[in-house]
Amino acid sequence: MKRIALGCLALLCLSLPLIQTAHAIQLKPRENPDTNLWGYVNAKGELALEERFTLAGEFTSGGIAPVMDKDKGFAWIDTKGEIVAKPFIFDNWPDEFREGLARYVEGDKYGFIDNTGRKAIPARFLWVEPFQDGHAVFCEGCKKVMYGEHWAMEGGLWGCIDHSGKVTTPPQKTLDSDNPCK
């Protein structure tokens with residue numbers, strides 16, 4: 001009897017992430033035309049997360065969604081509406097996931113989250129590029145330089161990390177522009 005109970009308990013524990021993911025996918029953004037605020041509705045069309053966002057995106061398969069909170073700015077939220085990370089904003093919207101990771105900001109540092117909101121690579125970089133071909137370029141000691149309404153990171157030392165955050169190319173003055181993380 002104990003084996004059956006333990007087996008059922010193990011099966012339940014293994015299936016919880018799938019149940020949570022299925023729930024997340026069913027939540028859809030909906031705008032209230034009277035207030036112009038967005039919330040999320042469940043599969044039955046019932047309000048599941050209050051209408052408090054000025055913008056709202058679809059939930060990822062991992063259960064987080066990009067929103068613009070009228071008081072707190074852009075954020076990634078979970079299915080309960082709790083903020084899990086502050087995204088890096090690129091082209092007026094939270095950074096896209098590339099190779100399963102998206103940049104987030106904590107204070108003045110950058111890191112990466114996965115599509116569940118887990119901080120896969122802690123925010124420890126002054127700047128980091130999106131992942132490409134298994135690596136991301138980062139800098140130490142670089143500075144933000146404005147060019148009109150746009151900006152770039154310049155100076156400092158540049159290196160590469162892998163998906164675990166391990167440095168694969170040590171920081172150096174310049175990287176090969178064609179293949180920086182070879």
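1. Phenylalanine 88 is buried, and tyrosine 110 is buried too. Buried means under 20% relative accessible area, exposed over 50%, partly exposed in between (1.4 Å probe, protein chains only). Phenylalanine 88 counts as buried because its relative accessibility is 6%.

2. On the model: it is predicted, so local features need pLDDT of at least 70 and side-chain atom pairs count only at pLDDT 80 or more, while totals for chains, interfaces and linings use all residues. Residues are numbered from 1 along each chain as its sequence is written, and side-chain values use heavy atoms, with hydrogens and water left out.

3. Aromatic pairs next. The whole structure holds 11 of them. Rings of Phe, Tyr and Trp (its six-membered ring) pair if their centres lie within 6.5 Å; planes under 30 degrees apart count as stacked, over 60 as edge-to-face and the rest as tilted. The rings of phenylalanine 88 and tyrosine 110 have centres 5.6 Å apart and planes at 70°, so this pair is edge-to-face. It links distant parts of the chain, 22 residues apart. Phenylalanine 88 lies in the loop between β6 (83-87) and β7 (89-90), tyrosine 110 in strand β10 (residues 109-113). Strands (E, at least two residues) are DSSP runs, numbered from the N terminus.

4. Phenylalanine 88 also forms an edge-to-face pair with tryptophan 127, at 5.3 Å centre to centre and 75° between the planes. Again distant parts of the chain are linked: tryptophan 127 is in strand β12 (residues 127-128), 39 residues from phenylalanine 88. Tryptophan 127 counts as buried because its relative accessibility is 7%.

5. Phe88, Tyr110, Trp127 and Trp151 make up one aromatic cluster. The ring of tryptophan 151 has the charged end of lysine 144 over it, 4.4 Å from the ring centre. The criterion: NZ of Lys or CZ of Arg within 6 Å of the ring centre and within 35 degrees of the ring normal.

6. Strands β1 (residues 28-32) and β2 (residues 37-41) pair in the antiparallel sense over 5 bridges. Pairing requires that DSSP finds at least two bridges between two strands. Proline 29 stands opposite tyrosine 40 in β2. The hairpin of β1 and β2 has 4 residues between the strands, and asparagine 36 in the turn has a positive phi of about 60°.

7. Threonine 60 is in the loop between β3 (47-56) and β4 (65-69). Its relative accessibility is 15%, so threonine 60 counts as buried. Leaving aside residues up to four places away in sequence, threonine 60 touches Trp76, Phe97 and Asn115. Contact means heavy atoms within 4.5 Å.
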